[in-house]
Structures are given as C-alpha cells and as structure tokens.
Amino acid sequence: MEKKKIIEFKGIRKVFPGVVALKGFDLAIYEKEILGLVGENGAGKSTLMKIMTGNYQPDGGQFLLRGQPIVLGGSMEAIEHGIGMVFQEGSILPNLTVTENLFLCHEKEFSKGWFISESAMVAEARKALEENGLDINPTTLCGNLSPAQRQMVEITRLLWLSRLYRHENPILILDEPTTVLLEKEIKTLFEILNRIKEHATVILISHRLEEIIENSDRIVVLKDGDYVTEMPGKAADIFKIEQLMVGRDMVEGYYRRNEQVDPTDTVVLEVKDLAIESILEPISFTLHKGEILALVGLIGSGKEELVKCLGGSMQATQGSIYRNGKRISIKQPKHAIAHAIGYIPIDRRIEGLATDLDIADNINMLVYKKLKSRGFINKRKERDNANHWMGVVKVKATSHRMKCGNLSGGNQQKVVLGKWLSADAEILIVDHPTRGIDVGAKDEIYHHIRQLAKQGKSMIIMCDTLEEDIGLCNRMLILKDGKKVNEVSCPPDAKPAPTDIIESIV
Amino acid sequence: MQKDGIGKQPAIKRIKGRVAGLPAISYALGMLVLFIVIFAVGSATFLTRYNMLTIGNSAAILLAVAMGQVFAILTGGIDLSVGGIMSLVSVVLMKTLEPLGFWAYWLSLAVGIAAGFLNGLINSRFRIPSFITTLGSNGIFMSIAYMISIKPLSAPSSSFGVLDIVNGTTLGIRNIMLLGVLIFMLFFVIQRYTITGRNIMLLGSNEKMSWLSGVDIFKVRTIAFTLSGFGAALAGVMLASNLYSGYPTLGTVYILNSIASVVIGGTAMTGGAGGVLNTLVGVMVMSVINNGMNIIGIDVYAQQSFLGVLVIIAVAISFDRSKLSVIK
C-alpha cells in the first residue's frame, strides 16, 4: 500500500487495576481509509480510542501521529491535532441551534471587536453543512433534529474544527454510530462517510459486523487487548471474524451451551394481544418455567417497549398479561415486583444500582421487610442476607460495606442479580446482561443464567449480539417494526445460524 | 484556546485530594474541635458551666429543626419553609395556651406536621421542585402567623406551669436538653432502622432506580417533608416556650442555620449521603460558633458574613460535584 501512515501504535500498552486492557501491539492507520475495528466488549477497542482522543495515556509503547510521537492531554487537544470522536450518545446540545453547536467555544472566529457576528456564523455553518452534502437549516434547534441529523452536525463540527487547526487529513472516530439510526439513515451515513474518506481517515467501531464488512477498507480484529489479525474489508467473511473475535470455536461450549436445560411445560407468564399504540402491534407469547426466551429485533422493533410493559415502567394500551394462569395488571414497577417479576436494566449505573450506597444496601433494598425484628431493621440480618447473596452470585469485594460505585461492571451486574434473587424473583427480564462487562466476567454471568434456568427461574433476555441471544436462549421471538415476525427454537444441539435469523430481523 | 482548562485541577479538588478517604463527618468534628479551642483561648467565660448550658439550650432547638431538614435534603430536596413553620407554630402555641393548656402543644405539633405534609404533597404530586414549593409555602405560613397575630404574643402567666414541659428540669437536667436527646434518638432510629429511612436514602441516591425497584417515591418524598415539618414544629414549640412568646418572624433565622448545620455535618445537598449523625455534629458546630462569636465580642452584623463564608466553605468541601454535570 502506498498510502501514508497517519497514526502508528508501537507496542501500545495500557493497564488498569486487575485488567491489562492493551497488551502491547503494533497497529498502523492510514490516510484516506475507513478502518473497521472489531472485537468483543473488553477487547480493547474503546481503550484504544480513548488513547487517540487523549482521555487515557498509554502505560507503554509509542503513539505516533503523522510520524511524530505525541501525548494528548484530552479531547480538546486531540481536536487541535485533528482527531475527533463522535460518541454513541452524541454530544450535541439540544437547546442550541445547529450553528451554535457547530461553532461552540469557537465563536471568537466570528467576532468583530467585542461582538460576534451572527450572520457570519450562519453563513459559515451553511457552507460547512453543504460541503458535507447535508440539507439542514443552520438556524434550527438541534433538539428538533433526528438522531441521524445530529450525528451529521457533530461530524460537520469535527471536520470544520480540523480545518480550523489546519489539518489536511483529519481522523474521525465513530463509536457505534448506527445504533440510534434507521435503515435509511444508516445508508446516508455511510454515503457521507465514503465521501469524507476522500480527505480524511474514518475509524469505525460497531457491533454490526455486516456494516463493518460492507463499508470498511480494512478490518482489524482485537481480542483480549491484543491485535489478532487484519483483512481487507469487502472480502471478509462474517463467521471468520466472529471466530477470531471470540477466539474459540463458537459451536461448542461458548455461552455455556452444554449447560442448557429444557424448560418445563408449566407456563409462568402469558402475554395475550399486548399492544402499544404506534409502537407495538398486538403480540402474544408464553414463557415457561426454566425457559430462557430471547427477544430479538432492531431498535424500533418494539422489544424494548415490550419488556418495559412487563416490568411496569411503561403501560400497554391494550392486551392482557397472565401470571401462572391468573390475569394480572402491571401499572408500575412495584406491581411487577409483587408478581415476582424482576428487571435487570441495560444501564445498571442509572437504573439498577444506587452507586453511592454500599453492596448490602443494594442487595437488601427489596427485602427490608424480611430483615426486620421487633419492627426495626436488624443489622445482623441485613449483613447476613447481603453476605449470603454476595456468595451466591460470587461478587468479588472486600466487604458488604463496599460502595457499589467502586465495583467493576461485572461485579455491579452481579449485585443487581443478587438483589433480585434475594427478592425471590421468579421471572427475570435481563436487558443486555453483558453490556460493558469484560470477557471473563461475561462467562460468569452466562454461568449464572444457566444455573438460574436449572433452578426453574424464567428469563426474558435481550443481548448485545445476535450470537449471544442464539447461544443463550431456548427459544427466540423475532420482532420487526412492532410485529412478531418469527419464533425460532434454539435447542443446544441445533442452534440456528445467525445469517438465517438476520433475514427475518431486517 | 480552551487549553488552559485542561490538566489543571481546581484548588479545592487538590485540598480534597489530601484528606480524601476521610468520611465527611470528620471535617465537621475537626471544625468543632478547632472552634472550641479558638473560643476557649479567646474568652475565659466560654468553657464555664453556665455557658455550656446556654450552648446546649440553643443546640437542642437547632437540633430539632435540623433533624427534620436533613430528611428533606437526603431526598435531594430542601425545605426552606422550616422558618415559616416554626413561626406559625409559635404563634399557634401562644394563642391556644390559655384555652387548651397542655393540649396546645399537640395542636401546635399537628399544625407543623400538616404544613410539612402539604409541602411533601405539592412537591411529589405536582412535581414542583422542593426549592420552589417551600420558598412559596414559607411565605404562606408566615402570612398565616401574621393573620393570627401581627404583634408578638406572650404566654399568659397562668400558663407558665404548662411551659415547664420545656423549661423545667427532670432529675436536675433541663427538660429542653432531654428533649434534644430524645429527638435525636427518634430521628436516628427512623433513618437507620426503618424501611422509610432506608427508602429516603435510596431515593436521594438514585430516584429512577428506586422507582424501578418498587419504592413508592411519592409516599417517601411526602414522608420526608412531613418529618421536616415535624422537626420544625418541635423546634417552634421549644423556642416559643423558652422565650415565653411567639411571633411571625421567630423562625426566620433557622432556615439558614438548619441548612448550614446539615451541610457542615457533611450531608450532600445532592441527597443520599450523610444523615442524622452528621447533622448532630453540624448542629454542635453551629451552636458553638454562634455562641462563641457573641462571647468574644464579634459584632452582630459581622457574624452573619462569617457564617456565610463558613457555609460556602463547608459546601465546597462536602459537596459531591461529580454528580452534577453543570453547577447551577
């Protein structure tokens, strides 16, 4: 390849307490390419990104930018050096206009004396947007834009900034850019990225391997903080990449498939014609004792809303829910809890834990009634209950008085699990059980899920990847555009191939 | 460029770094010792038995109102109406002492509890920030007190005996101090050993999660503000009995003093951390400072600026700013 190297990592290494995030490998990134970076959670992708954007400093090795070793002190310094990142959640302020967002903190460029020229800003914004082929009015409030448009504004801002700091070939990093986008918008995004590629480097992180393969010039596979291999984008084979990412044979063992048990015939939960206006069309399904049911579908398929209805944080507009054959009504989370339905949320730090409080407080919060003696909460019972469940779910901590905010993602997830087990939840809704958890802890979570199924707990799961869904579940429901489109059985010895499922999802 | 903002830590963060790991309450204990030493050195009368009793007397009253206030703050809210409640309660007590006798105390407490309940109801049901709710209701309570009596009301001499419930002594100890101890124990148990107390901590720590975990956040919030009203009512009757009078501005100074006690004790304004024990120490600090400044002869008006500075410093040390994206 005759392309010039823009970034080069030599023996790059990063260590966190207890985890080696990057094991010291070499990697070159070239001008004018789209690089797809793939790997499981915990493979080191985001650590690498954070080194590029100056949020982390490497513990060893060299980071060369345009041939020069460099140390970046933060995102702003990274931007000054032509490296910008578009975050998953976005960093656009919804209460400001497109123009204001584009030039935030750089209004000085448009000042005449003491005053800022609004018209010059708007004109420049219009020009910048047009250059990227965007049809967005610069005076609209960003809150009124679609997620896709906001992302475009962010990209435009980064490109404009890199020009302000006179960089020929800016580097754009996109972290899971398509999770919030619709199909059509995804197409537009990649069209624009391909155009931007003419004068920039794009680094793409995505869990959707199809996207990566289709749009990257080159794919680099990371695993457990190490460089595995790289390959040209278009020719790559999705199964090959999956195997490389996981590093072991997917067919046997992984997801603790050999521990999968067949559910009993007892129906613990039945949903009849449940619908949410303009989100979910009437859907019916059953859940058996000891069954793991996966809900599969894209964003907008209605699966997130469906489980919210079961957990009580959202209300269905019609339909009915039966628990052990009896009709129940779930208007609030506490009603679901009363029927032994627990909800393990996707964002544990916001919805699952009180991070300021300790492990005991978090595990015990649902069962204080059981920990009373003579009308008051008993400290000893409290400690014993916490220690018991910490042991069951194997939380690694020095004491039950350790603050949850100081635990690793995997241990936090175990605390949330312990909290619901302690409350005798019979049905668990598990929203992305392994999100943000490193590989080793993931396996432990799989183990727990299998154990719980064996004990007769029923679970509804929604996973990070389709493979995880297939691997873990007994049965999967496939949703698309608010409709149930298919139901697939996933026995341990005859798991369907992801490609067969993907057809019904998209 | 924005470069100068990077890599530099605010001075306060560096100071915090050095004493990091210490629980918030230790700052307050340090402050308490420091001020006791300063005032003991500055004045010979500070450490006398008489003066210690004076401090204990005022501490008992501040304690009652601060014990309530801390529950409002633990939920992540604030109660600015404690002053209004104290004033209203003092007027109600003095007005009804003669016809009702001892029952005037129960009526006064009931008024304070109802006022707190109202705050909680408006705050939780109508989702109006407690800051606004109680700022408004403080005015309402004061105005009702004015409507009952525009002039200060004095206790009729025939009722002096009834006031002994606060002003008398039991086994040689002043009743007002015994009341202070009882109130502390009551609130301590509520916070540490009841489900409501635990739920208040949960709510203050993470409201969304509490709701998803089945906590009735309306009820818990309402209870927290009702407790705050109860604390203010206790303080109101104690102070009014102590002064043998009640008037519509009696409690005003206790708004700042109660919040300051809570904050100095190390309870986070963001909720969920700290509590009753912290506040006890905060109350001691405030009472020592208020008394000491008088004793060593600091000008009354200058005292206010000193207290103001102290509160801001206490917040700077104890406040967990990392929880907020923007300081408002």
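Biologist: Among contacts in chain A between residues at least 6 apart in sequence, what percentage join residues at least 24 apart?

Modeller: Keep in mind that this is a predicted model. In chain A, 67% of those contacts link residues at least 24 apart.

Biologist: And how many helices and strands does chain A have?

Modeller: Chain A has 17 helices and 24 strands.

Biologist: Where does R66(A) lie?

Modeller: R66(A) sits in the loop between β4 (60-65) and β5 (68-69) of chain A. Its phi is positive, about 50°, although R66(A) is not a glycine.

Biologist: Why does R66(A) count as partly exposed?

Modeller: You count C-beta neighbours: 20 or more within 10 Å is buried, 12 or fewer is exposed. R66(A) has 16 inside 10 Å, so it counts as partly exposed. Now try D481(A), in the loop between β23 (475-480) and β24 (483-489) of chain A. D481(A) has a positive phi too, near 50°, and because it has 13 C-beta neighbours inside 10 Å, it counts as partly exposed.

Biologist: How many residues does each chain bring to the contact?

Modeller: Chain A brings 24 residues and chain B brings 22. On the chain A side, α2 (75-80), α10 (333-338), α11 (348-352) and β20 (376-377) each supply at least two. By class, that side has 15 nonpolar, 4 polar and 5 charged residues.

Note on methods
Residues numbered from 1 in each chain as written. Chains lettered and ligands numbered in written order. Predicted model: local features only at pLDDT ≥ 70, side-chain atom pairs only at ≥ 80, totals over all residues. Helix = DSSP H or I, 4+ residues; strand = E, 2+ residues; numbered from the N terminus. Contact = placed C-beta atoms within 7 Å. Nonpolar A, V, L, I, M, F, W, Y, C, P; charged D, E, K, R; others polar.
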